[in-house]
Every structure is written in structure tokens, then in C-alpha cells.
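This briefing covers selected features of one structure, grouped by topic. Please consult the sequence and the coordinates alongside the points that follow.

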Amino acid sequence: MQELNKNTVSTFLNQQLEEWDTARNNFAALANVKVKTFMIGSTHFKVQFNPGRITSSAAKVDAKSLKERKCFLCAANRPAVQRGLEWGDYTVLINPFPIFPRHLTIPDNNHVDQRIDGRIADMMQLARALEGYTLFYNGPKCGASAPDHMHFQAGNSGFMPVEDDVVTAEKTQVATEGSAKMSLVDGLSHSCFLIEADTVVDGAALFKRLYDCLDIPEGEAEPMLNVLCRFVGNGWHVLVFPRKKHRPDCYFKEGDENILISPASVDMGGVFITPLEKDFEKITADDIAQILSECCLSADEAQQIAKKL
């Protein structure tokens, strides 16, 4: 397994930006991205106008569309200039359409479906290896634009407001495993579970217990969820956002009522991505609250999951 650390990843990123015009231009464009902020209760939110993300936000993820397009995460279909760092069964790539100042995509080396079950230990180990990054996972109906190819993503830690908000938010402990504990986070604008673990084994066991308590929608292979994972101090924070809806009603509306937002992990983390300027200009805190209420579990629904645990 290739060693990943702050220096090797930084060198790799810089080399890719020198070699790859598209990536270099898109990362440079982040300097001009418009951002505005909101507070919803005690939770901070940023809204980012990022036109480079239109492909992801508007991605067609139905079976027919996936079958008709080449998988952009498979090595055979990547641009020749896109190189990677091998890490076990995964390859660390630069994301050419970034949200973060440092944005990575980490696909499995095989073309297998997007599934987190059995892979949380990989996610935690990657978070430990990628110092200064937060790993995230988008479920196949929770923001993933390539639900047919297993992958994580990573961006620089501290970029998503929820990473700090969750530390001070009200929490209720619901389960333990060895030295690890799981809490229902009560004090955020949208329900989630926080796993705090000193070992991968205990953290993965708690995640599996939560995963097995979540409903699997009819016709789907796994529960709807987004996951954030970072190494903090001497342990891990794993944030799990159970979902009940892929895209909000405003995504499908026409005219002035349309807002093209397809929430994923970064949105759950407090950074809403608007690829269209019209949406950036008009979106309000009430719109964000409505989107979260449609896509995330209610407080009562989260409590029911906690009782199962």
C-alpha cells in the first residue's frame, strides 16, 4: 500500500495542476466563487455559486442514463493527463471540478456499485492517512453522480461548518462499542449521528449497528445516507446523515420556483452548492430549511432510529 501523507498528496496536487489545464483553471476559478452565509438556528450555512458543479448537480443517475455513458471514474475512461496515487484497492485522484481548495476523488480500482457497507474501515483509514482532509461518501441516491462506481471524496478539513458546529451542538449518547460512542446530534438544523472512536474496529462496529437500523427503500440496495469522516486529535469523528429523499421538490419545479440543488454530503456539511447564479441570488434560509426538512430525517424519525440502537 502506497504511503499517503500531507507531503505526498500536496506534491501530487501541485503536479496535476501544472499538467492539467482544465483542473488548473477550475481550481483557480474558486478564488472568484461567490459565497453568502446564513444561520438556521445554531447551525451555520454557506451557499456557494459554483458553475463548474453543474454536471454533478444535474447528473442523470437513472439506470438507462448510466448504461449509456462511459464511467468517468474507470481508469480506461479518464483523461490521459489525470494521474493518481495508488492506495490499496483505491486510487487517489484530483477532482477537476472542485468545491474545496483541495478536492480529491478516491474511486475503487474496480467498477463496482456505490455501497458503503463493509467499507467504513477503509474510509476511516483514509481519513487517518490524508492529514488535513475530511472524507465524505454520497449514497447512490444521496448526491453521487457516479452511483455505479464506488468512490469516496475528500476536501480540506474545516471547510464545512458542521465540522465545528457538531462539537458544541447538543447531543444524546445512544450507543457504545468498546471505547467508541455514538450520539444523536440534537442541536443542529438537520438530524445526524456522531460516532467518536479511538480505533477503527470500534468505530466500524458502531457504524454497522446504525447502518443496520436504517430502512432500505424499496428497489434500492442500501439505506439513503451521507457520511463525513475526519481524524481529530487521536481519534475519528464519523458523522452519518440518514436521508429520506434524493432531491427536493424545488429541483423539479419550473420557472421562478425552480432551484437546482441536489443535496450531497457537502450540503449536509453546511455548504450548499448552487451551479446557477439565479439560484444563488434568490436562495434564502427558509429555502435551505425546507430542503433539509424534505431530504433529512425529522427529529422524531431520528429518535426512532436511536431507540432501535
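The sulfur of Cys229 lies 14 Å from the closest cysteine sulfur, in Cys192, which is too far for a bond. The model is predicted, so local features need pLDDT of at least 70 and side-chain atom pairs count only at pLDDT 80 or more, whereas totals for chains, interfaces and linings use all residues. Residues are numbered from 1 along each chain as its sequence is written, and side-chain values use heavy atoms, with hydrogens and water left out.

**Cysteines**

- The structure holds 0 disulfides, a disulfide being a pair of cysteine sulfur atoms within 2.5 Å.
- Cys229 is buried, with a relative accessible area of 0%; buried means under 20% relative accessible area, exposed over 50%, and partly exposed in between (1.4 Å probe, protein chains only).
- For Cys71, the closest cysteine sulfur is that of Cys74, at 3.8 Å, again too far for a bond.
- Cys71 also counts as buried, at 6% relative accessibility.

**Packing of α5 and α7**

- Helix α5 (residues 120-129) and helix α7 (residues 200-213) have axes that come within 9 Å and cross at roughly 135°.
- That angle makes α5 oblique to α7, since angles under 35 degrees count as roughly parallel, over 145 as roughly antiparallel, 65 to 115 as roughly perpendicular and the rest as oblique.
- Axes are lines fitted to C-alpha atoms, for helices over the stretch in contact, and angles run from 0 to 180 degrees between N-to-C directions.
- Helices (H or I, at least four residues) and strands (E, at least two) are DSSP runs, numbered from the N terminus.
- The contact, meaning heavy atoms within 4.5 Å, involves Ile120, Ala121, Met124 and Gln125 of α5 together with Val200, Gly203, Ala204 and Phe207 of α7.
- By class, the contact of α5 with α7 has 6 nonpolar, 2 polar and no charged residues; Ala, Val, Leu, Ile, Met, Phe, Trp, Tyr, Cys and Pro count as nonpolar, Asp, Glu, Lys and Arg as charged, and the others, Gly among them, as polar.

**Packing of α1 and α2**

- Helix α1 (residues 6-19) packs with helix α2 (residues 21-29) at an angle of about 110°, their axes being 5 Å apart.
- Helix α1 is therefore roughly perpendicular to α2.
- Leu17, Glu18 and Glu19 of α1 meet Asp21, Ala23, Arg24 and Phe27 of α2 in this contact.
- The contact of α1 with α2 has 3 nonpolar, no polar and 4 charged residues.

**Gly219**

- Gly219 is found in the loop between α7 and β11 (225-232).
- With a relative accessible area of 75%, Gly219 is exposed.
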